[in-house]
Amino acid sequence: MQTTSLHTTIQTETGKPVSRRDALKTIWAALGGMVALEFTGLALAYMQPRLAQGEFGSVMSVGAVENFPNNSVTHIPNGRFYLVRLADGGFLAVYQRCTHLGCSVPWDQSQGMFVCPCHNSQFSPDGQVLNPPAPRPLDLFPITITDGMIEVDTGVSITRETAHLAQVVYP
Amino acid sequence: MSEQDQIVDTPAQTFLGRIWQALGPTGLPSDDRGRMRMVVDNLVLHLHPTKVPTRTLSWTYTWGLGGLTSLLAVILVLTGIFLQMNYTPSPSQAYLDILSLRTNTWFGDLLRNLHHWSANLLVVTAFLHLLRVFFTGGHRAPRATNWIVGVLMLLLVLAANFTGYLLPWDQLAYWAITVGTSIINYVPIVGGFLNRLLLGGPEVGAPTLLNFYSLHISFIPVTMVMLMSLHFWRVRKDGGLTVPRRAKESEPPKIERVTTIPHLVRRELVFAVAWIAILLAWSMLVPAPLEGIANPDLSPNPAKAPWYFLGLQELLLHFHPLVAAVIIPGLALGALLLLPFYDIQISSVGVYFRSLRGRFLSLLALGTALLITPAWVLLDEYLLDWSAWLASWPSLISNGLVPLAVVVLGLVALDELVKRGLRATQEERILFIFVFLVTALVVLTAIGIFFRGPGMSLYWPWDIPTTHLSL
């Protein structure tokens with residue numbers, strides 16, 4: 001056929017022809033968008049927290065179960081948490097970081113609760129909020145007890161909206 | 001061909017003369033044409049037009065705030081370069097480096113003080129510059145783009161300050177950054193992710209120090225220089241500064257112009273030299289604060305964010321965190337960025353506070369906010385207890401949206417009062433609300449700095465038991 005055009009056209013569903021130039025432009029734009037996304041992803045991945053073994057952020061060995069009496073709160077400074085043993089013998093690893101604005105919460109033995117020095121949030125030994133402004137209980141770290149030895153994974157903190165018994169780990 | 005061209009075209013006769021000729025202008029120009037040419041030919045001076053309206057030279061119109069802000073930026077870059085040579089961004093070394101800088105390095109303490117005080121002053125002057133531009137209508141068409149660039153630069157100034165705040169790695173730095181970054185956690189969905197990304201971990205630590213250092217010395221200053229270039233360029237593209245007018249002048253005045261050299265340049269030089277002298281004297285007399293080395297296990301009481309965020313931290317004491325840290329700042333920033341698109345009356349540009357009634361309304365707004373803000377803080381501290389009254393509702397509603405609605409209704413009521421009672425025009429109503437909110441922000445910040453003591457309870461400044469103010 002004599003009238004065949006050099007420019008290939010594709011009929012779209014709406015019936016409007018798409019020229020090769022438009023199709024290539026669209027492909028270029030899509031490729032450009034993908035490159036931008038890739039670089040964003042690379043940057044975000046690169047900036048992910050870098051954690052070292054044996055320090056805060058790794059799995060830490062705390063000691064034997066019998067070292068911690070019932071009704072006790074023990075500060076583990078390297079792990080930045082308190083190992084709490086409740087009256088019934090259950091364990092909780094309570095992250096020392098206040099859920100309000102991130103201050104380190106000291107344990108007040110005389111009052112039997114955690115009292116944040118920054119904005120006076122108060123928490124019970126198992127981390128429940130006794131006094132705001134803290135919006136939720138203190139975070140926890142997962143505990144595993146094998147052969148009477150306690151290990152705490154400080155890499156992932158457990159955020160909780162309420163404190164309940166299922167969070168307690170028994171030897 | 002003018003006299004100037006001829007001088008440039010004729011090579012000097014001696015060796016030293018030719019070097020001298022290549023390095024700079026040969027002699028000061030003697031006529032206006034030469035002075036204008038000198039402005040055009042010089043890289044730094046050409047940021048200025050060759051002639052400026054006489055009225056914009058008025059001291060009490062611009063207060064030299066843009067110039068002072070630029071001067072501080074230059075001082076910060078210069079002192080920053082030197083400080084960098086004596087600093088290692090690691091928790092084990094950073095604090096020792098600061099101590100060594102203070103005691104063991106020639107003029108180290110002076111450089112640090114100069115950097116510290118210039119940085120703090122920069123926040124103040126950038127903010128005042130924004131106020132000046134708003135009060136004279138400099139944000140309106142055709143200057144809307146430059147207003148947005150300016151607001152972005154104010155955010156960058158805060159970011160520069162905030163990242164620099166951590167670097168001494170003392171108790172003040174550590175806890176201010178901990179409290180400041182924890183606010184990010186309250187951004188819905190992505191807050192925790194963003195916070196971890198910024199800190200490089202769950203808490204402020206070695207990766208945080210390196211992240212902040214890197215942002216502080218590279219990304220932020222480079223972006224700042226680019227935005228500053230854009231800002232200066234737009235000033236000229238938009239036809240220079242707004243020209244001041246008296247409130248009673250109905251017609252825009254006929255603009256008289258004088259040459260930039262010497263009228264503007266001389267003022268700038270005197271102003272810069274005076275401020276450098278003030279900053280040097282201040283930095284010799286007042287040391288930048290430095291507390292003990294950072295101790296992640298020991299939160300000071302009270303723990304405060306850097307002073308320019310204490311208005312925000314004060315809000316956190318009164319509202320649910322989502323309202324205080326996200327909704328209110330988000331709305332405020334949005335309103336500020338979009339200001340040139342709803343505050344558009346250009347007939348009053350150049351008149352301070354729009355009109356005579358505008359001046360009265362601004363004073364009224366100032367007075368009202370000075371009374372209402374502290375009253376509301378006291379009420380909320382001692383009487384209002386939303387979460388107890390509405391105990392069955394989620395805290396976001398009882399302690400967040402309900403008090404926010406009360407505040408917004410109060411603002412609407414004030415606006416209605418001004419509109420009906422005082423017959424304010426739209427631009428005067430916007431002015432009234434703007435002055436009210438800015439005053440409220442300043443009052444809240446002052447309360448955060450001076451009136452909050454241990455446990456963030458209210459104290460008289462002279463009764464606060466701890467030994468330092470959080471500056």
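Predicted model: local features only at pLDDT ≥ 70, side-chain atom pairs only at ≥ 80, totals over all residues.
## Chain B as a whole

Let us begin with chain B, whose secondary structure comes to 19 helices and 2 strands. Its radius of gyration is 25 Å, close to the 23 Å that the globule rule gives for 471 residues, so chain B is as compact as a globular protein of that length.

How much of chain B is buried? Buried residues make up 34% of its 471 residues. The contacts tell a story about the fold too: among those in chain B with a separation of 6 or more, 75% are between residues 24 or more positions apart.

## The domains of chain B

The domain assignment divides chain B into domain 1 (3-48), domain 2 (49-300) and domain 3 (315-471). Taken over C-alpha atoms, the centres of domain 2 and domain 3 of chain B are separated by 25 Å. Where these two meet, domain 2 of chain B gives 22 residues to the contact and domain 3 of chain B gives 24 residues.

The largest share, 4 residues, comes from H8(B). Sorted by class, the side of domain 2 of chain B that touches domain 3 of chain B has 16 nonpolar, 4 polar and 2 charged residues.

## Two places to look at in chain B

Now zoom in on B:Gly150, which sits in helix H8 of chain B. Is B:Gly150 buried or exposed? B:Gly150 counts as buried because there are 22 C-beta neighbours inside 10 Å, and the cut-off for a buried residue is 20 or more. Leaving aside residues up to four places away in sequence, B:Gly150 touches B:Leu130 and B:His231. The C-alpha atoms of B:Gly150 and B:Gly66 are separated by 10 Å, although these residues are 84 residues apart along the chain.

## Chain A and its strands

Chain A has 1 helix and 13 strands. From the N terminus on, its elements run β-β-α-β-β-β-β-β-β-β-β-β-β-β. Of the 171 residues of chain A, 27% count as buried. Among contacts in chain A between residues at least 6 apart in sequence, 42% join residues at least 24 apart.

The domain assignment of chain A gives domain 1 (9-46) and domain 2 (59-167). Their centres, taken over C-alpha atoms, are separated by 51 Å.

Here is a general point before we look at sheets. Strands of a sheet pair through backbone hydrogen bonds, either parallel or antiparallel.

One open sheet of chain A has 3 strands in the order S3-S13-S12, with antiparallel pairing. Strand S3 (59-64) and strand S12 (143-146) of chain A stand at the edges, each with a single partner strand, so one side of each is left without a neighbour in the sheet. From one strand to the next, the twist averages 25°.

Another open sheet of chain A has 4 strands in the order S4-S5-S6-S11, again with antiparallel pairing. Its edge strands are strand S4 (72-76) and strand S11 (140-141) of chain A, and each pairs on one side only.

| Strand pair | Sense | Bridges | Facing residues |
|---|---|---|---|
| S4(A) and S5(A) | antiparallel | 5 bridges | A:His75 and A:Tyr82 |

## Where the chains meet

Finally, how many residues does each chain bring to the contact between chain A and chain B? Chain A brings 18 residues and chain B brings 22 residues. On the chain A side, the residues divide into 10 nonpolar, 6 polar and 2 charged.

Conventions. Residues numbered from 1 in each chain as written. Chains lettered and ligands numbered in written order. Rg over C-alpha atoms; globule rule 2.2 N^0.38 Å. Buried ≥ 20, exposed ≤ 12 C-beta atoms within 10 Å, placed from the backbone. Contact = placed C-beta atoms within 7 Å. Domains from an automatic or database assignment. Nonpolar A, V, L, I, M, F, W, Y, C, P; charged D, E, K, R; others polar. Pairing = 2+ DSSP bridges. Axes fitted to C-alpha atoms, helices over the stretch in contact; angles between N-to-C directions.
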